[in-house]
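Here are some notes on one part of the model, for you to check against the structure. Please read them in order.

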Amino acid sequence: MAGGTFVDKGTGKDYPGKMTPFVFISCLIASCGGLIFGYDIGISGGVTSMDSFLIKFFPSVYHKMKEDTGTNQYCKFDSQLLTTFTSSLYLAALIASFFASTVTRVLGRKWSMFGGGITFLVGAALNGSAQNVLMLIVGRILLGIGVGFANQSVPVYLSEMAPARLRGMLNIGFQLMTTIGIFAANLINYGTSKISITLGALFLPDTPNSLIERGYDEKAKLQLQRIRGTSDIKAEFEDLVAASQEAKMVQHPWRNILKRKHRPQLIMSIMIPSFQQLTGINVIMFYAPVLFKTIGFGDDASLISSVVSGVVNVFATFVSIGTVDRFGRRVLLLEGGLQMIASQLLVGIMVMKKFGTTGIADDLTKNYAMGLVVLICVFVSAFAWSWGPLGWLIPSEIFPLEIRSAGQSINVSVNMLFTFFIAQAFLPMLCHFKFGLFFFFGSWVAVMTVFVYFFVPETKNVPIEEMTRVWKNHWFWSRFTEEDESQV
């Protein structure tokens, strides 16, 4: 754990830099919200390739897969009903995130997380006891509402609780728990083991930012002293109060976020979650068992391959935890982007050579198949230390308090919208694009890497309430803040 204080280079102010046990435990419990998101991604991808699940709920897909052995490998899982099941969660999460914005702002981050956990519990129980497709989809919608609330509140909570110079590491705990949830889903069957996540939210403290925002200044001061482990919190507390006073002048955060001075943050809240999904990661993780079956693996090998990629996902996230506050966000995004481009191009070429346009490969050797698994793991590791965690970290730390809840809702809703589109379109795209699907996502990774190089500023070690200066100092975004200030 770090100790002492740190001086903000931009303002010269002295801020507490110690990570207290109180902060660590609070952030650890809050990060568990990522478990429900990751568990659902992993479990949904697994069950959609299980024979027992397909026989009970999607018999037409099962018969198409088993009876027509000569069918195009790319198209054998293509079913509109199956894609509706997988993607319904994300549409529900998209809508829920807008309601979560109000709950997070009025009642605090804690109760938004708790409400999400309760809703997810009900949805999980309904899915676990589902007897037909309707029950399955209704359960998925409830799961989506839970995910929408958790994804809206948890990253903001973590960014507000963490000391500035450790914010990246603590915030990435959310992504770490997401990867653990995916990995756990590859090992266990569908269940309702999320009770501890929901109960944990009851014991979480509210953030000083949220307390001040709701008028509890004295409680906020005591809370800030507690989480920083020192009574010397004058500079940080004054920043929070000033930010809150400015926020209270804003009656309509959704209208305010459209102002020119917030244009950089608004664009980031749209582009970053869009790009995160256009990496193609959910294609790999969500449909990993299906994907491995498609490229010629048997049922057992498919499961093993999914578990391997899940392990890589978890351990690679630790790379990001250990480096994000040392090397910064930009370095990880740029390196990860280049690594993902290379691995996707190579996977596409290998699938093209073996499966061509027919999707049939009679001579797929064990070494060739293992080569594909290795390349997919290279892709997963790059995502896990770059766009995976940073796609949630950066949007949660860039907004001023007055529009933070609204901004995070946009971030979550755009993320869920693109996840919905990709989940809905993946199987038809695999059927029609074939091996070109890997080139499709690889091209998008190239675009987002260029975007990062030119337009994403470094936010490392910048106090969350001083974040506006990164836009004022940026070669492109400064024109928006400068013009806005000249009109005041």
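1. In this predicted model, Arg167 and Glu397 form a salt bridge through their side chains, with N to O at 2.6 Å. Arg167 belongs to helix H8 (residues 167-171) and Glu397 to helix H21, so this pair ties together parts that are 230 residues apart in sequence. Both Arg167 and Glu397 are buried.

2. Glu397 also meets Arg329 in a salt bridge, at 3.0 Å from N to O. Here too distant parts of the chain are linked: Glu397 is in helix H21 and Arg329 in helix H19, 68 residues apart.

3. Arg329 has a further salt bridge with Asp325, where the closest N and O atoms are 3.2 Å apart. Is Asp325 buried or exposed? Its relative accessible area is 15%, and buried means under 20%, so Asp325 is buried. Arg329 has 0% relative accessibility and therefore counts as buried.

4. The structure holds 3 salt bridges. Arg167, Asp325, Arg329 and Glu397 are linked in a network of them.

5. How do helices H19 and H21 pack? H19 (residues 329-355) and H21 (residues 387-397) meet at an angle of about 145°, and their axes are 10 Å apart. The crossing of H19 past H21 is left-handed. On the H19 side, the contact is made by Arg329, Leu332, Leu333 and Met340; on the H21 side, by Trp387, Leu390, Leu393, Ile394 and Glu397. Sorted by class, this contact has 7 nonpolar residues, 2 charged residues and no polar ones.

Conventions: Residues are numbered from 1 along each chain as its sequence is written. This is a predicted model: local features need pLDDT of at least 70, side-chain atom pairs count only at pLDDT 80 or more; totals for chains, interfaces and linings use all residues. Side-chain values use heavy atoms; hydrogens and water are left out. Axes are lines fitted to C-alpha atoms, for helices over the stretch in contact, and angles run from 0 to 180 degrees between N-to-C directions. Helices (H or I, at least four residues) and strands (E, at least two) are DSSP runs, numbered from the N terminus. A crossing is left-handed if the near helix is turned anticlockwise from the far one by less than a right angle, and right-handed if clockwise. Contact means heavy atoms within 4.5 Å. Ala, Val, Leu, Ile, Met, Phe, Trp, Tyr, Cys and Pro count as nonpolar, Asp, Glu, Lys and Arg as charged, and the others, Gly among them, as polar. A salt bridge is a side-chain nitrogen of Lys or Arg within 4 Å of a carboxyl oxygen of Asp or Glu. Buried means under 20% relative accessible area, exposed over 50%, partly exposed in between (1.4 Å probe, protein chains only).
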